[in-house]
Amino acid sequence: MLHSRAANRTPTLLLTFQDRDSQDAYEFLAARNINAPASSFYAVEASRWLGLGDTGGLRVGLAPYSNTADVDRLLTGLEEFLADPPP
């Protein structure tokens with residue numbers, strides 16, 4: 001599920017995955033040199049209000065220096081993570 005208002009703000013997305021832990025996604029992507037941290041990001045109350053508990057979600061952000069290759073690596077990494085069955 002995507003939790004964002006990116007059309008109106010800096011393109012930073014909070015992602016969650018049905019039946020998958022955001023920390024597992026972070027570790028999977030980190031092993032592929034993709035930096036997308038997982039946490040509640042010091043907003044535990046908001047995380048709980050969204051139904052994400054204390055662990056929150058996966059934060060993905062783009063910056064002026066991000067390029068097409070960065071986005072492609074991220075999307076490929078997410079696709080591989082979701083295709084890999086949970087442990």
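Leu-58 is buried, with a relative accessible area of 0%. The chain has 87 residues, of which 28% count as buried.

**Overall layout and confidence**

- The chain holds 3 helices and 4 strands, and from the N terminus on these elements follow the order β-β-α-β-α-β-α.
- Among contacts with a separation of 6 or more, 55% are between residues 24 or more positions apart.
- Mean pLDDT over the chain is 84, and 90% of the residues score at least 70.
- By element, α3 has the highest mean pLDDT, at 94, while strand β1 (residues 2–3) has the lowest, at 66.
- A friendly caution for anyone setting up calculations: where pLDDT is low, the predicted coordinates should not be read in detail.

**What surrounds Leu-58**

- Which residues does Leu-58 touch, not counting residues up to four places away in sequence? They are Leu-13, Leu-14, Leu-15, Phe-17, Ser-22, Ala-25, Tyr-26, Leu-29, Ala-36, Pro-37, Ala-38 and Leu-78.
- Ala-25 is 33 residues from Leu-58 in sequence, yet the two C-alpha atoms are 7.3 Å apart in space.

- Ala-25 is part of helix α1, and it counts as buried because its relative accessibility is 0%.
- Beyond its neighbours within four places in sequence, Ala-25 is in contact with Phe-17, Leu-58 and Phe-81.
- Between the C-alpha atoms of Ala-25 and Pro-37, which are 12 residues apart along the chain, the separation is 8.8 Å.
- Ser-22 also belongs to helix α1. Its relative accessibility is 8%, so this serine counts as buried.
- With neighbours within four places in sequence left aside, Ser-22 is in contact with Leu-15, Thr-16, Ala-38, Gly-56, Gly-57 and Leu-58.

**The nonpolar core**

- The largest nonpolar core has 13 residues, and Leu-58 is one of those with the most contacts inside it, along with Leu-15, Phe-17, Leu-29, Val-60, Leu-74 and Leu-78.
- Elements that give two or more residues to this core are α1, β4 and α3 (68–83).
- Leu-74 touches Leu-29, Ile-34 and Val-60, with residues up to four places away in sequence not counted.

**Positive phi in the loops**

- Asp-19 has phi near 60°, a positive value in a residue other than glycine.
- Asp-19 sits in the loop between β2 and α1 (22–30).
- Is Asp-19 buried or exposed? At 68% relative accessibility, over the 50% cut-off, Asp-19 counts as exposed.
- Asn-33 likewise has a positive phi near 60° and is a residue other than glycine.
- The loop that holds Asn-33 runs between α1 and β3, and Asn-33 is exposed because its relative accessible area is 64%.

**The largest pocket**

- The largest pocket has a volume of about 250 Å³.
- This pocket is lined by 13 residues, and the closest to its centre are Asn-35, Gly-61, Leu-62, Ser-66 and Asp-70.
- Two elements, β4 and α3, each give two or more residues to the lining.
- Which element provides the largest share of the lining? That element is α3, with 3 residues.

Definitions and conventions
Residues are numbered from 1 along each chain as its sequence is written. This is a predicted model: local features need pLDDT of at least 70, side-chain atom pairs count only at pLDDT 80 or more; totals for chains, interfaces and linings use all residues. Side-chain values use heavy atoms; hydrogens and water are left out. Buried means under 20% relative accessible area, exposed over 50%, partly exposed in between (1.4 Å probe, protein chains only). Contact means heavy atoms within 4.5 Å. A nonpolar core is a set of buried Ala, Val, Leu, Ile, Met, Phe, Trp, Tyr and Cys residues joined through side-chain atoms within 4.5 Å. pLDDT is the predictor's confidence in each residue, from 0 to 100. On a 1 Å grid over the protein atoms alone, a cavity is a set of points where a 1.4 Å probe fits but cannot get out, and a pocket is an open set with protein on both sides within 12 Å along at least five of seven lines; lining residues have an atom within 4 Å of a point. Grid points are joined across faces, edges and corners, and a volume is the space filled by probe spheres set on the points.
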